[in-house]
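Subject: Handover of a structure

Dear colleague,

Please find below the structure that I am passing on to you. I should be grateful if you would read the notes that follow beside it.

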Amino acid sequence: MKKTIILIDEPLEGDHRVLKVINKYDSPIVIDCSKFEYNYSNFYDFIFRNIWTILYAGIYAPVFWIKFYQKYHLKPDKIIRGLKASLRANYYADKTTNMIKSTYNNSEIDAIYANDLNCALVGIKLARHFQAKFIYDAHEVEFYRNRKNSLFRVVFDMLLEQKVINVAEKVIVVNKPIKMLYMDIYNIPESKITIVDNNHFSPHMGYAISMFNENMHEIAIVYVGGGINGRKLESLGQDCSQTDVKVHGFFLLKTPDVAYEYNWILGSTNYLTELLELIKKKKSIMWCSTEDICLSYRLSLPNKFFQAMAVGIPVIAYKGTYLAEIVKENNLGYIYDDHNLGEITEQLKDSKKYYTLLESISLFQEKLFVEKMVL
């Protein structure tokens with residue numbers, strides 16, 4: 001019987017997107033590409049074999065960055081910073097492909113499903129070897145995410161991703177703005193690219209509004225997630241320390257130092273029951289702010305936004321993001337601008353305003369979970 005190989009490079013715990021894919025296939029072969037280890041004996045030889053891609057990246061980079069600055073006002077940090085990491089990832093892809101081929105060479109493989117760019121670099125080589133169809137799931141703006149984003153590195157990764165997209169039968173992205181971006185820069189026909197959002201949470205329709213009562217006086221700012229870098233948690237800690245508002249953190253992987261520094265109330269990794277109880281007692285709002293440091297954060301819709309909508313509570317989004325546009329358009333919460341958290345918490349004390357937010361969210365829940373609106 002023919003099998004599907006699913007390539008991952010992050011822990012599966014709590015990764016609803018990947019787990020949902022795995023459950024769609026009948027006994028897939030799941031391979032964690034991050035588990036392979038290599039020496040660098042041929043690394044510089046590998047760089048030499050990629051010299052034309054590096055040179056082309058340098059030639060094309062000024063045109064690319066002028067266009068990006070005009071549209072997004074984002075600048076590269078340094079010239080070649082982080083490029084070695086991208087070269088190393090490409091080097092790993094070669095080595096990992098050989099390891100997988102030697103292990104599964106006698107297997108009948110009809111499809112390769114790669115999650116994110118590093119896995120896709122392995123996936124396109126495996127697809128050619130097994131003559132299998134290739135599906136590429138870009139979990140974010142893969143060439144411009146939270147990392148060192150130099151002039152060379154961003155363009156180098158974009159050129160690598162172009163090779164991936166040329167091989168892919170299907171390209172999957174997470175929302176409309178990223179779909180439009182990818183269609184534009186990679187010239188992808190619309191029939192080849194599709195949106196699978198991160199709305200992987202079971203809805204509790206009308207829950208928060210049904211639990212609301214005017215005697216609620218305490219406010220809870222909630223953070224749920226595995227990621228802790230680039231989420232403006234330090235800003236949240238500093239700003240909240242100037243108010244009487246408590247932060248409730250449900251950290252799925254590692255608890256950041258800021259949570260201990262500011263005595264946040266820590267919940268368990270199985271957060272849902274505790275979160276639902278919290279909503280009964282306090283005016284709760286989900287922290288969804290990210291640093292304005294990369295295009296992926298600018299255009300993304302974080303998991304915690306969908307988590308907030310699933311339980312029916314408002315969110316705090318960061319200025320200038322796609323999420324901020326959605327929040328403003330649908331009255332789903334507040335926009336944080338680095339200076340106004342005190343103003344936001346003061347407004348949350350107004351029960352009438354908070355209830356109006358819950359009403360708007362209840363309407364939005366219907367669009368998102370029943371009508372299956374694509375964002």
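Predicted model: local features only at pLDDT ≥ 70, side-chain atom pairs only at ≥ 80, totals over all residues.

Residues are numbered from 1 along each chain as its sequence is written, and side-chain values use heavy atoms, with hydrogens and water left out.

The sheet

Six strands form an open sheet in the order β9-β8-β7-β10-β11-β12, with parallel pairing. Strands and helices here are DSSP runs numbered from the N terminus (E, at least two residues, for strands; H or I, at least four, for helices), and two strands pair if DSSP finds at least two bridges between them. The edges are taken by β9 and β12, each of which has a single partner strand, so one side of each is left without a neighbour in the sheet.

Strand β7 (residues 219–225) runs parallel to β8 (residues 246–251), and six bridges join them. Among these pairs, I221 has V247 as its bridge partner in β8, and V222 has H248. Between β7 and β8 the chain passes through helix α9 (residues 233–240), and this β-α-β crossover is right-handed; that is, with the strands pointing away from the viewer, the path from the first strand over the helix to the second runs clockwise. Strand β8 is mostly covered, as five of its six residues are buried, where buried means under 20% relative accessible area, exposed over 50%, and partly exposed in between (1.4 Å probe, protein chains only). On to β9 (residues 265–266), β8 pairs in the parallel sense over two bridges, and G249 stands opposite L266 in β9.

Strand β10 (residues 283–287) pairs with β11 in the parallel sense over two bridges, and W287 has I316 of β11 as its bridge partner. Strand β11 (residues 315–318) is covered on both faces: V315 and A317 on one side, and I316 and Y318 on the other, are all buried. In a regular strand, side chains alternate between the two faces of the sheet. Four bridges join β11 to the parallel strand β12 (residues 333–336), and Y336 in β12 is the bridge partner of Y318. The chain crosses from β11 to β12 through helix α14 (residues 322–330), again in a right-handed β-α-β crossover.

The cavity

One cavity of 30 Å³ or more is counted. A cavity is a set of points on a 1 Å grid over the protein atoms alone where a 1.4 Å probe fits but cannot get out, and lining residues have an atom within 4 Å of a point. Its volume, which is the space filled by probe spheres set on the points, with grid points joined across faces, edges and corners, is about 40 Å³ for the largest cavity. The lining consists of C288, T290, Y297, S300, P302, Y318, T321 and L323. Five of these residues are nonpolar, three are polar and none is charged, where Ala, Val, Leu, Ile, Met, Phe, Trp, Tyr, Cys and Pro count as nonpolar, Asp, Glu, Lys and Arg as charged, and the others, Gly among them, as polar.

Helix α4 (residues 83–104) has 22 residues and should span 32 Å at 1.5 Å a residue, which agrees with the 32 Å between its end C-alpha atoms; the expected span is 1.5 Å times one less than the number of residues. Its buried residues include L83, L87, Y91 and I100. T97 is also found in α4 and is buried, with a relative accessible area of 2%.

Ten of the 14 residues are buried, so α5 is largely enclosed by the rest of the structure. Among them are L117, C119, V122, L126 and F130.

Individual residues

Q131 lies in the loop between α5 and β4 (133–137). Although Q131 is not a glycine, its phi is positive, at about 50°, and at 73% relative accessibility it counts as exposed. S27, in the loop between α1 (16–24) and β2 (29–32), likewise has a positive phi of about 50° without being a glycine. At 43% relative accessibility, S27 counts as partly exposed.

Yours sincerely

Note on methods. 1 Å grid on protein atoms, 1.4 Å probe; cavity = no way out; pocket = protein on both sides within 12 Å on 5 of 7 lines; lining within 4 Å.
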